[in-house]
Each structure stands twice: as structure tokens, then as C-alpha cells.
Amino acid sequence: MMAQDEVVVVGIDVAKDKVDACIRSLSQWQTFPSTAEGQRALIRWLRKHRGGKAAMEASGGYEQDWAKALREARIEVRIVDPKRVRSFARSAGRLAKNDPIDAEMIAWFAETFTEAPGQAYDAARERLVKIVNARQGLLDLQTSLKNSGEHSVPDVVQKMQARLLKKIAVEVAKLDTAIAAQVKATPHFAELAEIIESVPGLGKITSAGLIATMPELGQVNDNIVAALLGVAPYDDDSGQRRGNRHIKGGRRKARNLFYMPCMGAATQHNPVLKAFYDRLIAKGKEPKVALTACMRKLIVILNTMIARRQKWDANRYKVSDPARLPPSACPA
């Protein structure tokens with residue numbers, strides 16, 4: 001039996017046409033269609049069973065409407081990593097997989113790992129995320145076209161690629177304008193952008209990307225923010241063996257977005273970060289290892305700046321000794 005004040009957690013497996021919901025603690029399962037009435041029925045069902053927290057996997061965007069409806073009904077929503085849930089299921093010996101089982105495992109996972117609270121629904125951030133993702137999609141297509149242009153192709157293909165590249169450049173510029181307008185129109189975003197852009201080497205697109213993909217900045221501790229970005233090195237030791245440390249997990253899109261601006265800051269534009277990078281290189285670190293350490297240091301500095309609502313101050317963030325990172329450490 002559950003204590004009266006214990007939060008009832010529902011696991012929701014989202015598909016295109018339906019969701020399967022499971023309240024594991026009460027042995028309750030139910031399926032709801034992906035319609036407005038299905039959303040209302042799910043909310044009624046949760047209120048009947050006093051469900052206060054919902055967990056669902058990121059499902060290619062299909063989860064967004066369900067999450068929005070639940071948040072509007074004042075039900076906390078947590079989006080969980082599908083890989084972590086599947087690993088959790090395997091560790092529990094649950095090898096079978098179907099939609100009701102997945103819903104149960106999501107609920108069990110959320111009951112077991114409570115360290116990440118649900119994010120409040122933010123329509124402005126959701127819009128910004130979609131614009132930033134669309135821009136990155138265009139840049140990925142641009143890179144693919146440029147790479148294919150390095151190989152011998154017929155003239156008609158070269159001309160087609162050139163037209164597409166020109167069109168992509170125009171559309172990227174339009175999205176840059178939309179991103180700037182969205183940030184300016186949202187006071188909270190504008191404040192965050194002003195803080196982030198005060199760091200030498202970080203510009204408007206980087207600040208907008210961090211605002212969109214790292215809403216936890218300034219709200220969690222330094223270890224968590226480094227892990228969320230995916231720049232926290234993890235030990236690989238057993239007994240007397242001391243393995244290499246590697247970064248693992250984290251948000252790939254956020255890390256990719258942060259990589260190039262951080263490289264520019266560490267090698268050219270930011271004297272504090274450049275001094276840190278140069279010292280690491282002088283100590284024999286590989287460039288990629290040194291850059292990973294710089295990414296970790298910079299995201300931690302940003303976390304502190306945003307928490308304190310302070311702009312960049314070179315004197316405050318000078319580093320006397322480089323990070324204690326073994327020469328063998330490298331990104332996974």
C-alpha cells in the first residue's frame with residue numbers, strides 16, 4: 001500500500017496513434033488514442049487515481065502534445081532518455097518488449113530515479129527549440145552538400161547543389177533573424193542572452209542554442225550541468241586497473257552546438273580560456289582532450305554566472321592550475 005502523501009507516478013509509452021499508460025504502484029494500465037478526447041480521458045484517469053507525475057520517453061516529437069496537455073492540467077511531466085530506460089529494463093531482467101511493458105518500465109524507472117524533476121512547460125522555449133533545431137538541420141544539409149561537392153559529379157548535379165546551397169544560406173539567415181526576435185521578445189531569454197554573450201567568444205546563436213537546449217543552466221550544480229552537456233569524464237577502474245577516463249552521454253545537440261564556439265574561445269577569443277587551454281597543451285594533453293576540459297570549464301562558469309545573474313569578469317574566472325585530467329583521457 002502507498003502512503004497517502006506519496007506521489008503517484010504514471011509511465012506513458014507514446015506512439016503515433018495512441019499511448020499506453022501504466023500506474024505501476026496501483027497495477028493499473030490503460031490505452032488512450034492520440035486525439036484531443038484521448039488526452040482528456042488520460043487526464044480524467046490520472047485524476048481518478050491521483051496521478052501527480054507523468055514520465056514518458058522522447059518519441060520523435062509525438063510526446064510533445066501529450067506533455068503539453070498534461071502540464072496544462074497541472075500534472076508534472078518528465079521526459080526520460082529511452083536508452084536509460086531500456087538499460088534499466090535489461091538490468092532488471094525484463095527482456096520482453098511491447099507497449100504496455102514499456103509503459104510499466106518507464107513508470108518503474110521514474111519511481112527509482114527521481115533526481116531529475118519535470119520541466120515546467122514553456123511555450124516560448126518550445127518555439128525557440130524548434131527554430132534552433134530547424135537551423136541546425138539546414139546546416140547539416142549544407143555540410144552534406146559541400147562534402148559531396150568535393151567529388152567529381154556531372155555539371156547538372158553541381159549546378160543543382162550550388163542552387164541549393166544558395167537557398168540554404170538565405171533560409172539560415174531568415175532563421176537567424178527569427179531566433180534573435182524570439183530571444184528579444186522574451187524578457188527572461190533576453191536576460192540570459194546578455195549574460196552568455198558577455199563571455200568573449202560566445203555570440204547570439206550560441207546563446208540562443210544554450211537557452212533552448214540547456215534550460216537547467218543556473219539551476220543545478222556544476223557536476224550535473226557538465227554531465228548534461230556530456231563533458232564530464234567518467235572513471236573506468238577495476239581493482240588495480242586504472243582505465244582511461246571518457247566522456248559519456250549528455251545532450252549531443254547541445255554539445256555539438258557548443259563545440260565550435262568553445263574552440264574559438266579557447267584558441268583565440270577568450271584570454272582566460274586560452275591560457276587554460278595553452279597550459280593543458282604544454283602539459284602534454286591532446287588538443288581534443290584539452291578542448292573537452294575547456295568545454296567543461298566554460299559550461300561550469302556559465303552555470304555560475306547565470307545562477308548569480310552576473311556578466312563575465314575575467315578576474316573572477318582566472319584559473320591558477322589546469323584541470324586534473326590524465327593525459328590518456330579522451331572523448332568517447
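**A helix pair and a cavity**

Helix α8 crosses α10 in a left-handed manner. Keep in mind as you look around that this is a predicted model. To find the two helices, go to residues 204-213 for α8 and residues 252-269 for α10. Their axes lie 10 Å apart, and the helices pack at an angle of about 155 degrees. Since an angle over 145 counts as roughly antiparallel, that makes α8 roughly antiparallel to α10.

So which residues of α8 and α10 meet? On the α8 side you'll find T206, G209, L210 and T213, and they meet A254, L257, F258 and P261 of α10. Sorted by class, this contact has 5 nonpolar and 3 polar residues, with no charged ones.

Now let's look for empty space. Rolling a probe the size of a water molecule over the atoms shows where such space is left. How many cavities of 30 Å³ or more does a search of the whole structure find? The search turns up 1, and the volume of the largest cavity is about 30 Å³.

What lines the largest cavity? Its lining is made up of N270, V272, L273, K297, L298, I301, W312 and Y317. Two elements, α11 (271-282) and α12 (287-308), each give two or more residues to that lining. Helix α12 provides the largest share, with 3 residues.

Notes
Residues are numbered from 1 along each chain as its sequence is written. This is a predicted model: local features need pLDDT of at least 70, side-chain atom pairs count only at pLDDT 80 or more; totals for chains, interfaces and linings use all residues. Side-chain values use heavy atoms; hydrogens and water are left out. Axes are lines fitted to C-alpha atoms, for helices over the stretch in contact, and angles run from 0 to 180 degrees between N-to-C directions. Helices (H or I, at least four residues) and strands (E, at least two) are DSSP runs, numbered from the N terminus. Angles under 35 degrees count as roughly parallel, over 145 as roughly antiparallel, 65 to 115 as roughly perpendicular and the rest as oblique. A crossing is left-handed if the near helix is turned anticlockwise from the far one by less than a right angle, and right-handed if clockwise. Contact means heavy atoms within 4.5 Å. Ala, Val, Leu, Ile, Met, Phe, Trp, Tyr, Cys and Pro count as nonpolar, Asp, Glu, Lys and Arg as charged, and the others, Gly among them, as polar. On a 1 Å grid over the protein atoms alone, a cavity is a set of points where a 1.4 Å probe fits but cannot get out, and a pocket is an open set with protein on both sides within 12 Å along at least five of seven lines; lining residues have an atom within 4 Å of a point. Grid points are joined across faces, edges and corners, and a volume is the space filled by probe spheres set on the points.
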